[in-house]
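The report below is meant to be read with the sequence and the model side by side.

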Number of protein chains: 2
Amino acid sequence: MKKSRVVIVGAGFGGLAVVRALSKADVEIVVIDRRNHHLFQPLLYQVASAVLSPAEIAIPIRSLLTGLPHVTVMMGEVDSVDTAGQSVRAKIGESFENIDYDYLVLATGARHAYFGNDHWEALAPGLKTIDDATAIRNRILMAFEQAEMADDPDEVRRLLTIAVVGGGPTGVEMAGTIAELAHAALSKEFRHINPEQTRVILVEGGQRVLASFPEELSIAAAQSLRKLGVEVHQGARVTDCNKIGIVIGDKQIPAGTIIWAAGVQASPAASWLGVAADRAGRVKVEADFHVAGHENVFVIGDTASQTDARGKVVPGVAQGAIQGGAHVGKQILARIAGQPAPAPFRYRNMGNMATIGRHAAVADFGWFRIKGGLAWWLWGAVHIFFLIGFRNRIAVMLHWLWSFLTFKRGVCLITGGETALKSDGFESRDIQPALPLGVLQTDSK
Amino acid sequence: MKKSRVVIVGAGFGGLAVVRALSKADVEIVVIDRRNHHLFQPLLYQVASAVLSPAEIAIPIRSLLTGLPHVTVMMGEVDSVDTAGQSVRAKIGESFENIDYDYLVLATGARHAYFGNDHWEALAPGLKTIDDATAIRNRILMAFEQAEMADDPDEVRRLLTIAVVGGGPTGVEMAGTIAELAHAALSKEFRHINPEQTRVILVEGGQRVLASFPEELSIAAAQSLRKLGVEVHQGARVTDCNKIGIVIGDKQIPAGTIIWAAGVQASPAASWLGVAADRAGRVKVEADFHVAGHENVFVIGDTASQTDARGKVVPGVAQGAIQGGAHVGKQILARIAGQPAPAPFRYRNMGNMATIGRHAAVADFGWFRIKGGLAWWLWGAVHIFFLIGFRNRIAVMLHWLWSFLTFKRGVCLITGGETALKSDGFESRDIQPALPLGVLQTDSK
């Protein structure tokens, strides 16, 4: 009998969880990804802030799956799905290939979104890929370089202002680490400017940062940020990004660097399938992650909008993708074996964490909450533990230790062109029209 | 009395040697570089071959010079020198600045050159910058990805052929490390192709590889390369690079990836100064490195053509730049103090080394020569020792240890766009017309 073929698009947390669940199954698996590497996104902001090198949080998909001979990896970009003919069309190199499937899992994640203001992207890059991170690193470091050479004091002040838009975990972590970069790591490296005077602004449209955490931890996070010298604006809406900086309400704030962490837009899986998407571009899936009308097509992670068996909404975080992937894997196993479906999916919240600089973090495990220095150590331990690859764990630990002891950053390199910023987004036609800021709570942390 | 100002253009080995010589002098120093980092070029091929991350061999110039308050670093691109007015014009950010000098040192290095065939650059990138290295890494890894997906066996064979043009140290080291990448590190990662069948071709126009070494060591290097599976073609002239591959003599050899290591062209310092350049674009300097007619302008390193006090030609290698920089520093010190000039410059050859894969190297110290495994350990020790920064030494040692034990490569990432390749060269107008291959022996190792 011919083996079933499972095609998984996207090798993020969700896609890899499906592979793991099927690692001993007698199936043929094809993993398709636009990039050659899996990315540990929770630490991506540390690449953008010059703490870690890209290779420490990205690992080639092929290396990860070398030991599984029933898995084939293809680097390519999916552009449509023929659900009737059960095949995926992908651009592989210069040509298009059709890859047949018996089961299809779409786990293609999300991209930052500008809510109808796509022209802001060039001014205010977001943080989803390695190229995004190195482009942001370039911008931050170049702003200091330009400030060092600028004559006009107003222009120096503008260049030394960095605005982070969006107060979810990514925004909070970026703002904290940039404040430390400017106020400690770079403090003695310039002759004409004083990087300690750098103004870091965090703008959150909602009433508090870290809105998905208990209020007590939001308050602690805002306090920790202020202690690091970050100006925290809550309930403040960014109405424009322009060449001068950002506009909050109707007040122009000059800023040389703008970083976008305000919202995400799902990848265009809905349009591949020809099904409706919600406002964030996500495919509405059934409780077991299959797409209504397509029993053998599943969507998981940030691309899916799902409510679990108890009516709980699965959040757009790594855990949601991992648990969804594992559940889909179990279902495929059961169907192939002709066994009954596994127990209905229930999302288990394993806790949320965010770090603020070198000494503080907040963690919420439902039954207990923790903040401050101890939370920071916990945050570090958890992230090291979940990082894939022994080599990366050692490398990241050494980098953190070195940064901790010396206050320095190891990766302050300006490389490549800004072009990397643009080549990697979804096509703009896939981004949906105007949504007010702060509507989306999904944040892949 | 106003302090003398020394302007140093280029923070490579030569420029930093001048700073070191003047580190305690009562002068004002301005260092101008197009990039924000000093690069340890002898290990650049290991970034191109996915062993090391960029940050491990590149270190921000500002961090290096933080402890010297009399040194100002400017990131900018020089485009002319006004020797009468004693000022350098540089593009800093978007504007042009004139920087006055009392003493000027040009240490702007060299770039790979195509001897009148500049259109080859897009097909056959060279290796001089971090962006060059990551672009080459992308090409090599993408060729394997494309081969995995290709149907036509001829096309698979073409994609699995990598040609390295030029048999100097860079070419030899690249060919060796690529052979190991293909034959060991990637061997189990693909399902449709066998990377062990990768054909690595090294083409040298002269009669032997490593022409600057004693013949015995050239023979040993060619043998070690062949043992690694590299096809070594000596006395073979590349007459064309095209979309299919390279042409040797009149024979087309299909190759999916071409790497250019065949020759260098000095940076355009000669045109900035309005003086004559030799065929390789270098400024002919006097025995003490000053430019005839300009007592306070010095050119050192790969940008200079110099014959020392004993009539010896200073080679275009790191040692030449370092010794030249130290000598120029001493002269500036003496002139400022009103003391007699230091003893005439004599180049001291401290030895040449090249490594071939994981187990072999050749080293020539004049009075003794060594090859094989022991030379490899010596090569590793010397390179770790001269690498700048404690953190980088530890990181590189760990990466090497890891690669040595596991046969894996840690940095197999495909990131960014190919555009990085083009944005970083000298403008083509500065490259001089047709030179036959193999004329230049300078190779920055």
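Predicted model: local features only at pLDDT ≥ 70, side-chain atom pairs only at ≥ 80, totals over all residues.

Residues are numbered from 1 along each chain as its sequence is written, and chains are lettered from A and ligands numbered from 1 in the order in which they are written.

**The contact between the chains**

Between the two chains, 39 residues of chain A are in contact with 39 residues of chain B, where contact means that the C-beta atoms of two residues, placed from the backbone, lie within 7 Å. On the chain A side, the elements that contribute two or more residues are α3 (54-57), β4 (58-60), α4 (61-65), β5 (71-75), α5 (130-149) and α12 (390-406) of chain A; helices here are DSSP runs of H or I with at least four residues and strands are runs of E with at least two, numbered from the N terminus. With 6 residues, α5(A) supplies the largest share of this side. By class, the side of chain A that touches chain B holds 16 nonpolar, 14 polar and 9 charged residues, with Ala, Val, Leu, Ile, Met, Phe, Trp, Tyr, Cys and Pro counted as nonpolar, Asp, Glu, Lys and Arg as charged, and the others, Gly among them, as polar.

Of the 20 residues of α5(A), 18 are buried, so this helix is largely enclosed by the rest of the structure; a residue is buried if 20 or more other C-beta atoms lie within 10 Å of its own, exposed if 12 or fewer, and partly exposed in between, with C-beta atoms placed from the backbone. From its first C-alpha to its last, α5(A) reaches 29 Å, close to the 28 Å expected at 1.5 Å a residue, the expected span being 1.5 Å times one less than the number of residues.

In chain A, 4 strands form an open sheet in the order β13-β12-β11-β17, with parallel pairing; two strands pair if DSSP finds at least two bridges between them. The edges are taken by β13 (230-234) and β17 (257-260) of chain A, each of which has a single partner strand, so one side of each is left without a neighbour in the sheet. On average, neighbouring strands of this sheet are turned by 15 degrees against each other, direction ignored. Strand β12 (residues 199-204) of chain A pairs with β13(A) over 5 bridges, and A:Val200 has A:Val230 as its bridge partner in β13(A). Helix α8 (residues 215-227) of chain A packs on the sheet, where it touches β12 and β13 of chain A, and its direction makes about 145 degrees with that of β13(A); axes are lines fitted to C-alpha atoms, for helices over the stretch in contact, and angles run from 0 to 180 degrees between N-to-C directions.

In chain B, the buried residues of α8(B) are B:Leu217, B:Ser218, B:Ala220, B:Ala221, B:Ala222, B:Ser224 and B:Leu225. They pack against several elements of chain B, including α7 (169-185), β12 (199-204) and β13 (230-234). Just after α8(B), B:Gly229 takes a positive phi of about 95 degrees.

The axes of α1(A) (residues 13-21) and α10(A) (residues 318-337) come within 7 Å and cross at roughly 35 degrees, and the crossing is right-handed; a crossing is left-handed if the near helix is turned anticlockwise from the far one by less than a right angle, and right-handed if clockwise. Among the residues that meet are A:Phe13 and A:Val18 in α1(A) and A:Ile322 and A:Leu333 in α10(A). This contact comprises 10 nonpolar, 5 polar and 1 charged residues.

**A hairpin in chain B**

Strands β15 (residues 245-248) and β16 (residues 251-254) of chain B run antiparallel and are joined by 4 bridges, one partner pair being B:Ile248 and B:Lys251. They form a hairpin with 2 residues between them, and B:Gly249 in the turn has a positive phi of about 60 degrees.

A:Ala266 lies in β18(A) and B:Thr257 in β17(B).

| Residue | C-beta neighbours inside 10 Å | State |
|---|---|---|
| A:Ala266 | 30 neighbours | buried |
| B:Thr257 | 25 neighbours | buried |

Leaving aside neighbours within four places in sequence, B:Thr257 is in contact with B:Arg139, B:Ile140, B:Ala143 and B:Ile162.
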